[in-house]
Amino acid sequence: PFARYQSLHSRLATKHRPDATYRAQARWLEQGRALVTIAEDARIVWGAQYWFLYKQCAYYGSSAAETRDGVTHAMVWQTLKTLADLGYRMADMGSQGGTTEKDKGIWQFKCGFGGHDVQVRTTEVMA
């Protein structure tokens, strides 16, 4: 499944992601530290998602989809059900907020899956 995720993601989502990143993602998947979800039929890969797995928590990493007809929503919902079946009790969909219309749309998408916000302490590292 990783090759299908990489092919779709590199074509639709991030055209300039370094190959080293994809190699690391493939390695993490092989080690059981990630989950890839694919939505496809006999003709086409409609969508693909990459989730990080760490200490019984899943972290939404990235996705790409050929269409905006609810494929991404369905994939997240199915993945959340699969994660629950595997014993995961927490899934992090990413940070909230933002000021652009795109950020607001992403946040609305994330909120549609229910759950509740958990405050997380972050530290900014100065370079």
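Biologist: Where does Arg17 lie?

Modeller: Helices (H or I, at least four residues) and strands (E, at least two) are DSSP runs, numbered from the N terminus. Arg17 lies in the loop between H1 and H2. This is a predicted model, where local features need pLDDT of at least 70 and side-chain atom pairs count only at pLDDT 80 or more, while totals for chains, interfaces and linings use all residues. Residues are numbered from 1 along each chain as its sequence is written, and side-chain values use heavy atoms, with hydrogens and water left out.

Biologist: How do I read accessibility: does Arg17 count as buried, partly exposed or exposed?

Modeller: Buried means under 20% relative accessible area, exposed means over 50%, and partly exposed is in between (1.4 Å probe, protein chains only). Arg17 counts as partly exposed because its relative accessibility is 21%.

Biologist: Which residues is Arg17 in contact with, leaving aside its neighbours within four places in sequence?

Modeller: Contact means heavy atoms within 4.5 Å. By that rule, and leaving aside neighbours within four places in sequence, Arg17 is in contact with Tyr5, His9, Tyr22, Gln25 and Ser62. With Tyr5 there is also a polar contact of 3.4 Å between the side chains. A polar contact is a pair of N or O atoms within 3.5 Å; within protein, one must be able to donate a hydrogen and the other to accept it, and residues adjacent in sequence count only if both atoms are side-chain atoms.

Biologist: Gln25 was on that list. Where is Gln25 found?

Modeller: Gln25 is found in helix H2. Gln25 is buried, because its relative accessible area is 4%. Apart from neighbours within four places in sequence, the contacts of Gln25 are Phe2, Tyr5, Arg17, Tyr50 and Ser62.

Biologist: Can we visit S2 next? Where is Gln49 found?

Modeller: Gln49 is found in strand S2, which spans residues 45-54. Gln49 counts as buried because its relative accessibility is 0%. Not counting residues up to four places away in sequence, Gln49 touches a list of residues that includes Tyr5, Leu35, Tyr60, Ser62 and Met75. The side chains of Gln49 and Trp51 are joined by a polar contact of 3.2 Å.

Biologist: I also see rings. How many aromatic pairs does the structure hold?

Modeller: A pair of aromatic rings is described by the distance of the centres and the angle of the planes. Rings of Phe, Tyr and Trp (its six-membered ring) pair if their centres lie within 6.5 Å; planes under 30 degrees apart count as stacked, over 60 as edge-to-face and the rest as tilted. The structure holds six such pairs. One of them joins Tyr50 and Phe52 edge-to-face, at 5.1 Å centre to centre and with 70° between the planes. For Trp51 and Tyr60, the centres are 5.1 Å apart and the planes are at 80°, so that pair is edge-to-face. Both Trp51 and Tyr60 are buried.

Biologist: Which residues form one aromatic cluster?

Modeller: Phe2, Tyr5, Trp28, Tyr50 and Phe52 do. Within it, Tyr50 is buried at a relative accessible area of 0%, whereas Phe52 is partly exposed at 30%.

Biologist: Now the backbone. What is the phi of Lys55?

Modeller: Lys55 has a positive phi of about 50° although it is not a glycine. Lys55 is found in the loop between S2 and S3, and is exposed, with a relative accessible area of 68%. Gln56 lies in the loop between S2 and S3, and has a positive phi of about 60° although it is not a glycine.

Biologist: To finish, how do the elements run from the N terminus on?

Modeller: They run α-α-β-β-β-α-β-α, with four helices and four strands in the chain. Of the 127 residues of the chain, 29% count as buried.
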